[in-house]
Each structure stands twice: as structure tokens, then as C-alpha cells.
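Here is a friendly walk through the sheets and helices of one protein model. Keep the structure open beside the text as you read.

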Amino acid sequence: MDTTYAYVYFNESKDPEVKKLFLKKMKPFGEKAFTEPDVGMKRVRDEFYAFSAEVNAAYLLIKETFTPQDVCKVHELEAIKLPPFSIPMLKGSKYRELFRQRLIWQQEVGINRRYNLMWISQKPTCESGTATFTSVGLTELRYAYIFMVVGFGVAFTLLAWEITWNKQRKYYLGIEDRSDPIHDLFAKANYPFIKALMYDLNFTLNMLQVDSGGWKINGTFTGIMGKFQKRSIELGILGALMRSDRMEVVDYTIVTMIVKSSIIFKQPPLSLVSNIYELPFSTGVWFSCGGFVVFYWITLVLFRLITKTEPFTVQESLYYMIGTICQQNVELMPHFNSAKLMFFFAHLTSFFIFTSYSASIVALLQSPSRAITTVADLAASPFKAGSMDAIYAFVYFNESKDPAVKELFQKKMKPLGKKAFTEADVGMRRVRDEFYAFSVEVNAAYLLIKETFTPQDVCKVYELEAIKLPPFSIPVLKGSKYRELLRQRLIWQREVGIIRRYNLIWIAQKPTCESGAAAFNSVGLNELRYVCIFMIIGFGVAFLLLACEIAWKKQQNKRISKAKLKQQQSRSTLISFLN
């Protein structure tokens, strides 16, 4: 409170806590820390604010401006202890004792108390207690929000862990699991043949799990081929690619599965690679349309010359024929019935031409192109490319001798590194939604196309064979005495249809195009780009012609002005001569 003694008593205080309060929270603000009591008590009421004030002023303002609920929340602490107040006299005055006796008498009879009660306000009492309703605010709920945020964090952490765990679990549900026909296909699809051999030949398996079929690196094989090289296993429970380098450590039985690897992509729309507005008609038809306009134009001009009464000029006749071929009406009405009949046939001919053109345009707008038919076309196209994340993919692309495949790999895949090799579902989603070519096992591609592509998208899918995978066969240890026996029993499985049955179960068939090109597709800016270009060229030619006409008109006006000036000068000369 802004009193004359406040700064003095706070500054002289010997209490360390009071001293700390003054130096930390009041002294840095200087005179701003000392305000009128109504300002200070208003801040106490509305803010988190402590105000040192005389209780008389404080109690009075609390009664006037605080609500009963706020009164119950008020708390007070004594920081500085003021000495009592007394009426002073001159030092050694002879009247001191007389005044003191009479003031004592005033105190005894209650005059002092009466005026104290009049001037000094009493402390307001809390009448509503703590049972009064108060709205719950954000401050009261802050720990609930903190608990909620912590709960969300723990829940999402647990969710991420569960998703990761389920993904790993999904890929490794066992060799007999049929829920995922994409991952570990070569082991899962060949295990039924091994299982049939177990029942047929009465043997059991002591299975070991490895991470790959195995590749030769610096003379040593990895994966299952490494186990064969170390002669620690007798039989492979999978279909292994029949590569010549693997024949150093294994013998193959029979071909159990042939899986094709193709580059899958959607052909770009015809409107993206061609000007569809010139495709509906052949060159001969376009010239015929031009000949139609010229023939009727010349005929109309001859009618005008012969009859001498037809209203259309040479220029109007040309405009009329251009408007007719474009199905635009022109307000020209000939007088002779023969001319009217010619007008009728011109309109009828243009109607048939326009109908044929419109029907062709509708079909072309919905048609995919065949712009990309070879791997070389794909390598030269703006398509992005990637491959299924199969162990053999990088090896076969890198070993390919085909220059087109080599160019595709070096140009569109190798610069991306590991990002070029993704899961089949990710790659096929990009094929569906983007201009993207994806090298994938057709089994996985066909399955995902059936599940995620629309019938219209199925009709746009095109495939190219970039890398040719060798057949798959069940391998046995090099020189194994069981090879011929196993081979004979696998041949029997093929003869009785067991191998074909499981191939049909595991290998998806190619989806058929059922809707053709009849599905509706919205016309976008790509389809209309040639219309926009034609419009811009038309505007440009029109404005250029306008500029030429304006320049020609100005030139004509200058010539007329010069002629008039010469005529006036001649008249002036003639008048002067006559005078």
C-alpha cells in the first residue's frame, strides 16, 4: 500500500523472510510496487497477488468488492509490525500530565472505543464456508490432463510395439500357415510335397530355419546352400531356384513350381500421350471435312453469282460453312428453294460427322494407351520403378545381360538403393495410384490386384517380363543316395495331380478384365490441354489480326487525311488564281 511508512518498515525489517520478500518481489519494481489500496485489493481479487495493506482499508474494500466466496479464500500474514499510535506533545510540556489524565478518562468512559469502532473496519466473516459452488477450471483439472497425456503416450507406445510384433509374427506363423501366400511362398508351397514324402517313405524331419536360399559370395554360400556346402543337412524343405552355381553343393529333384516375375504397371491414358482430338478421324476423313467446307462454300458463292439476289457474301458464306461443320447456327436465310435444300443437306452432313466424332471422343477418353510395350519404352518413360523386396531381385537385375533391363535398373532403381525394393502391397498400391512400374512375383501381384484394384484399373494393367526366373526344385545334398528315390516319388506326386493341386492353391491366377473400357472416368485438365492450347493460339491469332487491322486502319486514315489536305490546298490555289 502506498503509505509513507511502508518502504521504511520493509527496508528496516530484520526478519530474513520479510527482507527476501521485499528484495525479490517489491524493490525491483520501484515505485510501481506501492499502489493505492483499491488497485492492490482488486489485483488480490482477480490475480495471484499478495498486497501489504492496512487492515482497515483492506477489510473495507473486501466488504465492498469481494464476493462471499472470495471472502472465504482470503488469508493474511503479518510481515511488518507497526507500533501503536499516540497523540504527541512538545518535549517537557507542562500540559502533558493534564492531557494524559483527560485522555485516560475518555478511554475509561468509552469515547476512544466509540470512535475506533467508527473509523476502523472489522474483519469480514466467512459466511458461506467452503460449501459454495465454484466452477471447475483447467487449473483444477491439470493433473487429470497430465494423467491422460501420460496414458495416451503409454497406449501409443504399446500400440507401436504390438504392430511391430504382429508384423513379425505375421511373417513367421509357421511353414504350414496359409494366411499369407506372399511371404515365404517357396517354402510353404513346397512343404506339402515333403509332407507327402514323409508319409510315403516313413521318415521324420529335424528342421532348421535359415534366412535365405543362399548365394555364393567369395566361394562360400550363405543360407541353406551354406548348410549343404558344410554337408550338415540332407534335404531342403523348400523350392530353390535352379541356378548352375548351386549345383556345386546340391542336386535337384524335379521342377515343383514355376513362378513368373513381371514388371506390373498401368498404361497411361491415351489422352496423356496423344492428342485425342485428332484421333477420331483418319487423315482422309479430315481432308474430306475440309473438302466438304470448300465445296459448299464455292457452291454458295456460285449461287450468289448466278441469282444476283442471295444475301450472303463470299466472306459470310465461308463463315456459314465453318459454323455448320461445328454445329453452330448462322442467321442466313436464302431466297431460292434450291439454296435452302443445299443448306439442309449441309446441316445433315455435318450432323452425321459431328455425331461420329463425339462418339469416338467418348470412347478415346476412357481408353488406355499402348504407349509402353517393351522394357526399353519403360526405361525411356517418365515412370518411376521399383521391385518387390525379394532376396533374388537385386541379384537377377544386377546379373541381367539385356541392355534394356540393365538400363532400367541403372537408371530408375539402383540410384534409390534399398528404397527401390519394397513390400508387394506397398509397390502395388503405388502402381494403382501413380505412374509407377513394379517388378514383382505375379502370384503376389495378381492376388493384390484382385483385392485392391477396381475393375476399371484391372483393365489398364500391363505387364512386361524383365527378369526370367529359373524353375524351383526341391534340393538334396550333392551325391545323396536318396536323390533318385525322392525324385521318383515326386514324379508320382506330379502324375497323380498332387503338385498341380497345391500350385493352384498357392499361385493366384491372372485377373480378367471384365468391364473393358466402358467405365466412366471424369475428364480432367490433361484431356483438355490441347483444347486450351488451341484456344490460346486462337486468341493470339485474333489479337494479332486485330493489331494488323488497327494498323491498316490508321494507315488508311492517314492516306485519306493527306488526300483531303491536298484537295484543300488545290482548292485554295484555285481560288487564289481566280482572285
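This is a predicted model: local features need pLDDT of at least 70, side-chain atom pairs count only at pLDDT 80 or more; totals for chains, interfaces and linings use all residues.

## A word on pairing

Two strands pair if DSSP finds at least two bridges between them.

## The five-stranded sheet

In what order do the strands of the open 5-stranded sheet come? The order is β7-β6-β8-β5-β9, and the pairing is mixed. At the edges sit β7 (421-422) and β9 (461-464), each of which pairs on one side only.

Strand β5 (residues 261-266) pairs with strand β8 (residues 436-441) in the antiparallel sense, over 4 bridges. Along this pair, S261 stands opposite E441 of β8, and I263 stands opposite S439. Helix α17 (residues 391-399) packs on the sheet, where it touches β6 (384-388), β7 and β8, and its direction makes about 125° with that of β6. Helix α18 (residues 403-413) packs on the sheet too, touching β5, β6 and β7, with its direction at about 105° to that of β6. On to the parallel part of the sheet: β6 and β8 run parallel and are joined by 4 bridges. Here K384 stands opposite Y436 in β8.

Why can β5 be called largely enclosed by the rest of the structure? The reason is that 6 of its 6 residues are buried, and buried here means under 20% relative accessible area. In a regular strand the side chains alternate between the two faces of the sheet. In β5, S261, I263 and F265 point one way, while S262, I264 and K266 point the other way, and all are buried.

Which residues lie on each side of β8? Y436, F438 and V440 are on one side, and A437, S439 and E441 are on the other; all are buried, and both faces of the strand are covered. Among them, E441 is the residue that S261 stands opposite, and Y436 is the one that K384 stands opposite.

## The three-stranded sheet

A further open sheet has 3 strands in the order β3-β10-β4, with antiparallel pairing. Its edge strands are β3 (240-241) and β4 (250-257), and each pairs on one side only.

Strand β4 pairs with strand β10 (residues 472-477) in the antiparallel sense over 5 bridges. One point to find on screen is V255, whose bridge partner in β10 is S473. Across β4 and β10 lies helix α22 (residues 483-496), running at about 5° to β4.

## A helix pair: α13 and α14

Two packed helices are described by the angle between their axes and the distance between the axes. For helix α13 (residues 283-307) and helix α14 (residues 314-325), the angle is about 145° and the axes are 9 Å apart. Is the crossing of α13 and α14 left-handed or right-handed? The crossing is right-handed.

On the α13 side, the contact is made by F292, V293, Y296, W297, L300 and V301. On the α14 side, V314, S317, L318, Y320, M321, I322 and I325 take part. By class, the contact of α13 with α14 has 12 nonpolar residues, 1 polar residue and no charged ones.

## Helix α3 and its buried glycine

The buried residues of helix α3 (residues 37-46) are P37, G40 and M41. Seen down the axis of α3, these buried residues fall within an arc of 95°, so they line one face of the helix. An α-helix has 3.6 residues a turn, so residues three or four places apart point the same way. The partner of this buried set is α4 (55-65), against which the buried residues of α3 pack.

G40 has its place in helix α3. Its relative accessible area is 0%, and because the cut-off for buried is under 20%, G40 counts as buried. Leaving aside residues up to four places away in sequence, G40 touches T35, Y49 and F51. The C-alpha atoms of G40 and D2 are separated by 9.6 Å, although these two residues are 38 residues apart along the chain.

Methods. Residues are numbered from 1 along each chain as its sequence is written. Side-chain values use heavy atoms; hydrogens and water are left out. Axes are lines fitted to C-alpha atoms, for helices over the stretch in contact, and angles run from 0 to 180 degrees between N-to-C directions. Helices (H or I, at least four residues) and strands (E, at least two) are DSSP runs, numbered from the N terminus. A crossing is left-handed if the near helix is turned anticlockwise from the far one by less than a right angle, and right-handed if clockwise. Contact means heavy atoms within 4.5 Å. Ala, Val, Leu, Ile, Met, Phe, Trp, Tyr, Cys and Pro count as nonpolar, Asp, Glu, Lys and Arg as charged, and the others, Gly among them, as polar. Buried means under 20% relative accessible area, exposed over 50%, partly exposed in between (1.4 Å probe, protein chains only). The arc is that of the directions from the helix axis to the C-beta atoms.
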